[in-house]
Protein chains: 2
Amino acid sequence: MDREPKILIYSPNDTQVYADLLQAKGYTAVGSASTPEEAAERLAGTEVLLSWKFPLHLLSRPEASSVKWIQSMGAGVDDLVSLPHIPEQIVITRIVDQFGGSIAEYVFAYLLYLNQDISRIRIAQKEKKWEPFLPGFLAGKTMGVAGLGSIGKEIAKKARAFDMSVSGLSYSGKQAHLVDQHYGPDEWRAFVQELDYLVLTLPLTDETRHVINRELLLAMKSTACLVNVGRGKLVVEEDLIDVLHSGHLQAAVLDVFYEEPLLKENPLWTLPNVYVTPHISGPSIPLEVMRFFADNVKLYLKGEPLRGVVNRNSSY
Amino acid sequence: MDREPKILIYSPNDTQVYADLLQAKGYTAVGSASTPEEAAERLAGTEVLLSWKFPLHLLSRPEASSVKWIQSMGAGVDDLVSLPHIPEQIVITRIVDQFGGSIAEYVFAYLLYLNQDISRIRIAQKEKKWEPFLPGFLAGKTMGVAGLGSIGKEIAKKARAFDMSVSGLSYSGKQAHLVDQHYGPDEWRAFVQELDYLVLTLPLTDETRHVINRELLLAMKSTACLVNVGRGKLVVEEDLIDVLHSGHLQAAVLDVFYEEPLLKENPLWTLPNVYVTPHISGPSIPLEVMRFFADNVKLYLKGEPLRGVVNRNSSY
């Protein structure tokens with residue numbers, strides 16, 4: 001290639017996988033770091049940062065002055081834009097259109113697990129008990145998708161294949177055609193009232209932070225189920241805990257939390273009908289991240305607009 | 001109504017539910033029976049039999065001479081047609097187009113449960129362990145559906161929504177357009193070779209009995225998964241047990257068996273990676289059975305062709 005930008009890969013793990021994949025594509029000016037100390041040491045001269053959980057405070061140091069572009073390995077970039085450390089001239093990109101299918105598989109896995117009552121079946125099998133019962137079904141129920149980006153879109157598509165009614169709430173309204181019934185940001189209460197399932201796929205922004213509070217949770221049907229695959233801080237966690245304690249809501253399936261890893265003392269671990277998963281619904285598969293990044297590097301070198309550029313004002 | 005046929009409802013349980021539903025529709029000449037003794041007592045004069053697990057030997061008795069039509073509460077009628085007890089002039093109908101959605105929900109519940117490794121997640125939660133891992137995904141995998149009736153059709157539809165490749169094998173070939181790749185009854189081996197999932201939805205007939213034997217199971221990928229929602233006797237059960245014992249196949253999800261309830265001493269209960277469910281994938285929900293039956297009674301009274309008439313030669 002004509003010009004090769006100096007690339008630094010930062011991630012607490014798997015950096016070697018990414019470096020190997022990048023070198024296989026012909027890039028040689030590739031460094032990697034897994035700790036803040038290594039990052040500080042290797043940052044000088046870096047033009048492009050492919051990063052996951054980068055120690056952001058380093059970006060205000062002089063050795064970061066060469067950085068022009070940060071590609072996040074994830075879809076959510078609230079951590080990147082929430083701090084004032086990243087100079088305005090640095091372009092931030094996030095992975096787009098890669099996680100929809102994976103996250104939708106996670107969502108439907110849990111909805112079907114609950115309806116078919118697989119935990120009950122597994123216990124019966126252990127005891128060699130043949131005890132038929134009538135499972136629940138998704139068909140005919142109402143799915144509500146909050147956030148209609150590429151993730152919400154995939155969830156809506158699968159909900160239709162399961163013959164569900166699909167409602168959606170979005171802030172831009174651009175994808176209102178994906179759902180039977182669309183609500184805007186001022187219509188949360190009307191939106192949640194009729195749902196059997198509320199799936200949160202929203203990015204975390206000033207508008208969406210803490211949008212799911214006690215009042216809204218209590219406005220949901222007591223038999224409804226909340227699924228959060230967006231960000232932990234979309235929900236007022238203590239409100240959710242109280243509401244679940246009171247017996248309102250059938251279940252909560254949570255892949256994201258205020259603080260991750262979820263603290264041992266958090267009651268969500270042990271509340272009945274809470275399903276805690278360790279932020280695995282939208283895994284950054286190295287091969288897919290690298291495909292996205294490599295395509296973006298080509299655009300970068302040609303001076304063309306990158307894919308997944310983050311708007312600093314809207315945070316996504 | 002002008003003419004009311006004498007209807008007898010037979011089922012080991014739930015007969016009162018069916019009787020109530022039928023009486024609510026205006027039928028008054030409705031009897032019910034839950035045991036062979038009750039059936040023998042109440043059969044005389046019966047014109048229409050709505051039945052589940054009816055004691056078939058009664059049909060060769062003189063008091064059964066008035067029976068003109070038997071509506072089964074299920075989709076599979078191999079038990080009804082396998083015995084010579086039912087005089088040829090009696091019309092047998094089965095429920096059609098009612099179970100596809102339910103059975104497909106069952107199938108995808110288990111495929112997603114296995115891919116997302118929910119059992120592992122549940123154990124980690126019990127121990128308050130935050131241990132992310134990369135789940136498996138259905139997208140890109142190959143689904144094979146054996147039997148392309150209303151049940152196979154629903155499974156194929158959902159498989160597409162999960163971005164799977166879909167192969168199908170059917171005996172009539174009439175629904176070959178539903179799948180990417182269609183195989184006929186002489187092509188079982190070619191059909192199963194490339195599959196990640198083989199789902200059996202076939203009826204039990206002379207042609208399909210024991211069609212899944214050791215040779216065919218070993219022709220499958222060792223990572224493949226077998227799902228049987230058709231009939232237990234489609235599979236040579238001891239071959240399946242041997243093959244699973246040998247470590248071939250990733251899992252078997254079985255809702256139907258040679259003998260039901262599954263005997264306590266059957267090794268399927270305890271084989272690792274075998275998921276035993278008590279024939280619940282296609283539940284006969286009274287309300288839906290009754291809707292189907294009531295529509296058929298109207299056709300019967302008008303002398304029009306009934307829905308779901310069983311061909312005695314093909315057994316479905």
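How many salt bridges are there between chain A and chain B? The count is 2. Keep in mind that this is a predicted model, so to speak a computed picture of two chains in contact.

**Where the chains meet**

Let's start with the overall size of the contact. Chain A puts in 50 residues, and chain B puts in 50 residues as well.

Now for the polar part. One of the salt bridges joins the side chains of A:Lys157 and B:Asp163, at 3.0 Å from N to O. Counting residue pairs in polar contact between chain A and chain B, with both partners at pLDDT 80 or more, gives 15.

Which elements of chain A give two or more residues to the side that touches chain B? They are the helices α4 (100–116), α5 (118–126) and α6 (150–161), plus the strand β12 (274–276). Of these, α4(A) gives the most, with 9 residues. Sorted by class, the chain A side that touches chain B looks like this:

| Class, chain A side | Residues |
|---|---|
| Nonpolar | 31 residues |
| Polar | 7 residues |

Over in chain B, 5 strands make an open sheet, ordered β2-β1-β3-β4-β5, and the pairing is parallel. At the edges sit β2 (30–33) and β5 (91–93) of chain B, each pairing on one side only. Leaving direction aside, neighbouring strands of this sheet are turned against each other by 20° on average.

For a look at one pairing, take β3 (residues 48–51) and β4 (residues 69–72) of chain B: these two run parallel and pair over 4 bridges. Within that pairing, B:Leu49 stands opposite B:Ile70 of β4(B).

**Helices against the sheet**

Which strands does helix α1 (residues 15–24) of chain B touch as it packs on the sheet? The contacts go to β1 (7–10), β2 and β3 of chain B, and the direction of α1 makes about 150° with that of β1(B). Another helix of chain B, α10 (residues 286–302), lies across β1, β3, β4 and β5 of chain B. Relative to β4(B), α10 of chain B runs at about 160°.

Methods. Residues numbered from 1 in each chain as written. Chains lettered and ligands numbered in written order. Predicted model: local features only at pLDDT ≥ 70, side-chain atom pairs only at ≥ 80, totals over all residues. Heavy atoms only, no water. Pairing = 2+ DSSP bridges. Axes fitted to C-alpha atoms, helices over the stretch in contact; angles between N-to-C directions. Contact = heavy atoms within 4.5 Å. Salt bridge = Lys/Arg side-chain N within 4 Å of Asp/Glu carboxyl O. Polar contact = N/O pair within 3.5 Å; in protein donor to acceptor, adjacent residues only side chain to side chain. Nonpolar A, V, L, I, M, F, W, Y, C, P; charged D, E, K, R; others polar.
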